[in-house]
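Biologist: I have a new structure open and would like a quick tour. Can you walk me through it?

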Amino acid sequence: MNAKRIDAFAFARLGKEAQGSVPLARLTRLVDGLPEQPAGEAGLAHWSVRGEVSKSGLLAGQPLLHLHVRANPLVVCQRCNAPFAYPVDSEVVLQLVKSEDELDDGSGSGEHSGGYAGEDEDDEDEEGKGFVSNLPERVVGSHHFDLLAQIEDELILSVPYVPKHDVCPGAQANAGEAAPEEPAVKRPSPFAVLEQLKHKD
């Protein structure tokens, strides 16, 4: 299936499922300002979507879409300026509402705040510390729902604004070169100094 437009409410009501892939280069909002994305498999975003009508809890009777997106967009490290593939594996639950007014009524609205619905349910805060991660994100559904735009939104939200290597390749090399000099600048432990002073007394 191509990630184009679906009847979102019927998709949820009938419990349909679909999956597919789309070239990252087609997602113009995502790749704006990024390096040229690779061709072939490495440059694909893979997605799957499953519809349902919730049967329990506060969301009973509400139409939901479970969206899963995986990709490795090429980004530029803001520390060393080298390009690298940033792995994205994102899952989100979308609650379909009929109008923008329903987006703002406050109940059950899950916004992207560092966790997606279904992703951190084991980490749910049961002691009232404030953050509950398993609430769905509300979106306006329609009979011509732009699924591709939703997939692109999910990728945009998943890629950090300032991407960085965990450890830059150059930093590893520099650390290796600097290693032999380390003992020369090593300071004595303050506990060792105290021990020496005790012995002098």
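Modeller: Here is a short tour, from the whole chain down to single residues. This is a predicted model, where local features need pLDDT of at least 70, side-chain atom pairs count only at pLDDT 80 or more, and totals for chains, interfaces and linings use all residues. Residues are numbered from 1 along each chain as its sequence is written, and side-chain values use heavy atoms, with hydrogens and water left out.

Biologist: How many helices and strands are there in the protein?

Modeller: There are 6 helices and 9 strands. They are DSSP runs numbered from the N terminus: helices are H or I with at least four residues, strands are E with at least two.

Biologist: What share of the residues is buried?

Modeller: Of 201 residues, 31% count as buried. Buried means under 20% relative accessible area, exposed means over 50%, and partly exposed is in between (1.4 Å probe, protein chains only).

Biologist: Now contacts. What part comes from residues 24 or more positions apart?

Modeller: Such pairs make up 67% of the contacts with a separation of 6 or more. Contact means heavy atoms within 4.5 Å.

Biologist: Let's zoom in on F145. Where is its place?

Modeller: F145 sits in strand β9, residues 145–146.

Biologist: Is F145 buried or exposed?

Modeller: F145 counts as buried because its relative accessibility is 5%. Leaving aside neighbours within four places in sequence, F145 touches K4, R5, I6, A8, L65, L96, V139, V140 and Q150. Take R5: it is 140 residues from F145 along the chain, yet their C-alpha atoms are separated by 5.0 Å.

Biologist: Switching to charges. How many salt bridges does a search of the whole structure find?

Modeller: It finds 3. A salt bridge here is a side-chain nitrogen of Lys or Arg within 4 Å of a carboxyl oxygen of Asp or Glu.

Biologist: Why would such side chains pair at all?

Modeller: Side chains of opposite charge can pair when their charged atoms come close.

Biologist: What does D146 meet in a salt bridge?

Modeller: D146 meets R5, at 3.6 Å from N to O. That pair links distant parts of the chain, with D146 in strand β9 and R5 in strand β1 (residues 5–6), 141 residues apart. D146 is partly exposed at 29%, while R5 is exposed at 54%.

Biologist: Which residues are linked in a network of salt bridges?

Modeller: R29, E152 and D153 are. E152 bridges to R29 with the closest N and O atoms 3.3 Å apart. E152 belongs to helix α3 (residues 147–158) and R29 to helix α2 (residues 28–31), 123 residues apart. R29 also pairs with D153, at 2.9 Å from N to O.

Biologist: Last one. Which residues gather in a patch of negative charge?

Modeller: E100, D101, E102 and D104, on the surface. D101 lies in the loop between β7 (88–97) and β8 (137–140), and it is exposed at 66%. Patch members have over 30% relative accessible area and no salt bridge; like charges are joined within 9 Å, nonpolar side chains (Val, Leu, Ile, Met, Phe, Trp, Tyr) within 5 Å. Asp and Glu count as negative, Lys and Arg as positive; His and the chain ends are not counted. Each charge is placed at NZ of Lys, CZ of Arg, CG of Asp or CD of Glu.

How values were computed
Areas by Shrake-Rupley, 256 points an atom, 1.4 Å probe, with all protein chains shown as cover.
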